[in-house]
Structures are given as structure tokens and as C-alpha cells.
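Here's a quick briefing on the model shown below. Have a look at it first, then read on for the main points.

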2 protein chains.
Amino acid sequence: MNTSTSPGKHGPETRSRILDAAEALFVEHGLDATSMRMITARAAVNLAAINYHFGSKDSLIQEVFRRRLVELNRQRLAALDRVEAAAAGGPIKPSRVLEAFFRPALELASDTEHGGRTFMQLLGRTYTEPNAFVRQFLAEEYAETLERFLAALYASLPGVPREEILWRFHFMMGATSYAIAGTDALQLFAGKFDDADPARLLPRLMSFLLGGLRAPLPEYEAARGTRRGRDGGADGRRRVPVEARRALRE
Amino acid sequence: MNTSTSPGKHGPETRSRILDAAEALFVEHGLDATSMRMITARAAVNLAAINYHFGSKDSLIQEVFRRRLVELNRQRLAALDRVEAAAAGGPIKPSRVLEAFFRPALELASDTEHGGRTFMQLLGRTYTEPNAFVRQFLAEEYAETLERFLAALYASLPGVPREEILWRFHFMMGATSYAIAGTDALQLFAGKFDDADPARLLPRLMSFLLGGLRAPLPEYEAARGTRRGRDGGADGRRRVPVEARRALRE
DNA sequence: CTAAAATTCAAACAAACGTTTGAATGAGCA
DNA sequence: TGCTCATTCAAACGTTTGTTTGAATTTTAG
């Protein structure tokens, strides 16, 4: 089996033709519902070519994600590097961190010519893929990037409980995935959007995400029934410190 | 074929046992990867029982979603009715509308005893299901509810462009779905959450959603650099009116 | 109790699945 | 030219898929 990118002899593009066809079909029908025969038919290659070049369908799926994700996360980390370099050790605004993470994704999602849009739709819906090996693979591929961005977010929001930051980052990834994957995949809002211009999606989404990130921290109802004291007492869970309130205001 | 809810004769619970088993397996493995034999095995019924009671696997899928979705949207609309009745024709705060929509969903997601949690995880990841007939069915099942809530949101945010409200509602559904479906399905954040208490999810999420909804509207970059002025000057797209700014502040 | 209707059951169906095989084909190099 | 090795190809492999069948069984109704 040859899994390298080195050009073969016959059709040097066989590998990439398979990857492109698979990517498109995975978006249209999902991973499971896309058969090897559908892929090889669209790619105009022999059925056995997938097993020859990739070994198995599972390996092909991995490679479809890998080739794009590696580049996407490389761009994200590079953007974060630039932000941190510009800060020169000083404080960093959370909005800068968020933009470093989400802008590359949205720009890839705007690229309709090289399949970037297709892939991002696929990626969005794959985060919740039940298939165990796909989830495992995605988690590994994301581990480093996620670690670095969470650390940057923590540092940029001193005083804000990490648990809350984690949750909000989770929410933000959800909103983003839906914004990308759902614009024409999810038909709930079909025909409702007059203006689905991808170029406007980034400012729209960034406004929303920043608003969500900066929202006042929730105050968990301590004891329901008896009204909680104005400033609560010692219910174990501390109120939001003023430092955190200030940090949330960007 | 008998698709009614009337009790059968032999095992009156055959139908519901199939539905419960299917629901659980759909979450674990996805719609496609769950076979009829897996379902009938877990439900401890004969393989042919599914086709006898539901007609086909597709019809079974529909019924799995329908029985829960009908009740969920009934609760949502009832909550909206109460909010509108309490306002007595006066203005309604957007936060009230949002809560009427999202609270029933999150409460259902907190119910671990009657499979509510299981179902909401399934629902969340099914919004982006590529399967055409599932999307079509979901859209139909949601149509009325979505229409009424969007109308209520529009009315509660006078002056704010409907397009922006629509987008933000879309973002909010995305964040919510991920929050529910992803808490233990998406493994990207695996092991990172110390506090995944479902009871705390509602305040956490509502804070985030409201923050996002109330965020300043994006101002689309008019003409960057020497870019052609598709947005230059009087292009019909107004800046955010002061009325809208006020409305966004709840 | 008996006839009819509803439900369960084991078995089989064709179709589609991912994968493997072994021969045919083509290019690169001696 | 002749040899080698990567690649392509048609065909078949054994499983698994959703669905159907017809008889056995149980419940309902007269």
C-alpha cells in the first residue's frame, strides 16, 4: 500500500480525485451512506483503487479530514502566534483570540472554488458524528490547537472561572458549526435567508460570539423557593468577582 | 399494517419497546449504522416486528422523532402563549421569548429517567443529518413553531433587521444543540468539564444566548482598500438605527 | 366454544456493502 | 529491447442490509 503523496505512474491524480469525490459525497449523503462504489464512480476510477491507495474506507475518511484539518489548524496557530507576538507579553483581548480561531475557519468556509466550503460543511456535522473512530481521530487532530487556544483564552480572561470559559467556547463552536454547516444543509430555515452572503457571515458571527462570551456570568440559584439574599451568602459558590466582570468587558 | 397507538394484543408494549430501543441505538451509532437487527435484538422482539408495526425503517425513524417532537413543540408554544398573555398586548422582552423556546428543550435534555436526554442528544445531531427525508420531516415538524417564535422575536425587537434576528436565532439553535448533543457525545472537550451538571446548563446557556442576541449589530466593512464599492455609500443598507440599539438592550 | 382478526415467528429474499484476488497494463530504467 | 514495479482493472468473495413470506400463535368478538 502506498499512502504517500508521491506521484504514481498511471494517473498521478487518482489519489486526489478520490479524496475530492469522497469529500463531496460525504457532505451530500453522510459518511455511512456514501459507498465505495459511489466514490469511485464519481472519481472515475476503479473500485479497488480506494483500497489500493488508502487501505480501507476508514483510512480514506481519515485522510479526507486530515489533509484539510492540518492546514486549517496550522493557520489558526499561526494567527495566534501573531496575536501573542503583537502583545509582547502584555494582556491580550479575548476578541483577538477568538478571531484567530474562527476567522480561518470562516475563510475556508467561504472558499467555494477549492472545496473549502464543502469541507467545512462536512466538518461541522462531523463534530457530533457517532462513529467512534471518527470522533477519536478528530479529537486527536484538534488536541494541540484546542489546548493552546484554551490557555490563551484563560489568560485573556483573568478571574473568570475556567469552567465558564470552557462552556462558552463550546457554545461558540456550536454556533459556528451550525452557521457553516447549516446554511444550506439544515433546511429548517430554508428559504428564510435573504442574505446568505458568506462575506457577511464573519462579522455577523463574530458579533454574536463576542456578545455571548462577554455576557454576564450566570448566577446559579442557590436555594430555590426562599428568595436568595441580595448578595447571597455563603452558598459555597462565589459570586462573580469584580475583576472578572471587568475582564469580560473585553 | 397498524400504525395507530391503540394497544396491540400480544405485547401491548411491542411498539414502544421498539421505539425506545431505536432511540437509544440511534444516539449510540447514528441512524444509518443502526440496523433493524440491532433494534429488534435490544427490544427483544422479532425482526419482522418493525416492518409489521411501522412499515419500514424510515417510518420508524420518523415515529421516533415525532412522538417526542410533538410534545416538545407543544410545550414551547404553550410557554409562548403564557408569555404573550402576560404581556396583554404590550411589548415583550426578547429574553422571555428565548426562554419559552429553549427552556422546554433543556428541561427535556435534563430528564434522564424517561429518555428525554437521550432524545435531545439525538435531535441535536440530527439537525445536520444529510439524509434528505429526515431533514424534510424535521422541517415540516418544526415549521409552525419556528414561524410563531420568529414572529414573536421580530415583534420584540422592533427596528432590528429581521435578517439579523434570523441569523442570531440560527446561531442560538446551534449553540444549544451542541451544548446538549455534545456534552458527552463530542469528545473534543472530553475530560475537560469538571462541572457538567445539567441543572447548571440552562443558566449557563441562557446567559450566553442572551449575550449573543443583544450584541451590537455588525457594521459591514463598507469599502476596504480599493475594493469595488458594492457597499459604498447609499447602498440601501442602513447603519444600525438608534431604535434598534435600544431594543437590543433587552 | 368457535371463527376471525391481530400479532409473532423462523426462514428466506435479492440487493448492496467493503474487501480481496490475480491478471492486464503502463511507465522508468538498464 | 527486456525487466521491474507501480497501478489499473474486471470479477468474485463472504457479510450484512431492509424487506417479505407463510405458517404458528394469541387475542378479540360473536
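Let's start with a length check: the 25 residues of helix 7 of chain A should span 36 Å at 1.5 Å a residue, and the end C-alpha atoms are 34 Å apart, which agrees. The expected span here is 1.5 Å times one less than the number of residues. Helices (H or I, at least four residues) and strands (E, at least two) are DSSP runs, numbered from the N terminus.

Bear in mind that this is a predicted model, where local features need pLDDT of at least 70, side-chain atom pairs count only at pLDDT 80 or more, and totals for chains, interfaces and linings use all residues. Residues are numbered from 1 along each chain as its sequence is written, while chains are lettered from A and ligands numbered from 1 in the order in which they are written.

**Helix 7 of chain A**
- Helix 7 of chain A has a kink of about 50 degrees, centred on A:Ala143; the bend at a residue is the angle between axes fitted to the seven residues ending there and the seven starting there.
- Its buried residues are A:Leu138, A:Phe149, A:Ala152, A:Leu153 and A:Ser156.
- A residue is buried if 20 or more other C-beta atoms lie within 10 Å of its own, exposed if 12 or fewer, and partly exposed in between, with C-beta atoms placed from the backbone.
- Those buried residues pack against helix 4, helix 5 (94–110), helix 6 (116–126) and helix 8 (162–181) of chain A.

**Helix 4 against helix 7 in chain A**
- Helix 4 (residues 57–87) and helix 7 (residues 132–156) of chain A pack at an angle of about 5 degrees, with axes 10 Å apart.
- That angle makes helix 4 of chain A roughly parallel to helix 7 of chain A; angles under 35 degrees count as roughly parallel, over 145 as roughly antiparallel, 65 to 115 as roughly perpendicular and the rest as oblique.
- Axes are lines fitted to C-alpha atoms, for helices over the stretch in contact, and angles run from 0 to 180 degrees between N-to-C directions.
- Residues in this contact include A:Phe65 and A:Leu69 of helix 4 of chain A, and A:Phe137 and A:Phe149 of helix 7 of chain A.
- The contact residues split into 11 nonpolar, 3 polar and 5 charged.
- Ala, Val, Leu, Ile, Met, Phe, Trp, Tyr, Cys and Pro count as nonpolar, Asp, Glu, Lys and Arg as charged, and the others, Gly among them, as polar.

**Chain A overall**
- Chain A has 10 helices and 0 strands.
- Buried residues account for 34% of its 250 residues.
- Of the contacts in chain A between residues at least 6 apart in sequence, 68% join residues at least 24 apart; two residues are in contact if their C-beta atoms, placed from the backbone, lie within 7 Å.

**Where chain B meets chain A**
- Chain B puts 57 residues into the contact and chain A puts in 56.
- On the chain B side, helix 8 of chain B gives the largest share, 13 residues.
- That side of chain B divides into 31 nonpolar, 14 polar and 12 charged residues.

**Two alanines with positive phi**
- Most residues other than glycine have a negative phi.
- B:Ala44, in the loop between helix 2 (36–43) and helix 3 (49–54) of chain B, has a positive phi of about 60 degrees.
- B:Ala44 counts as exposed because it has 12 C-beta neighbours inside 10 Å.
- B:Ala88 has a positive phi near 55 degrees and sits in the loop between helix 4 (57–87) and helix 5 (94–110) of chain B.
- With 6 other C-beta atoms within 10 Å, B:Ala88 is exposed.
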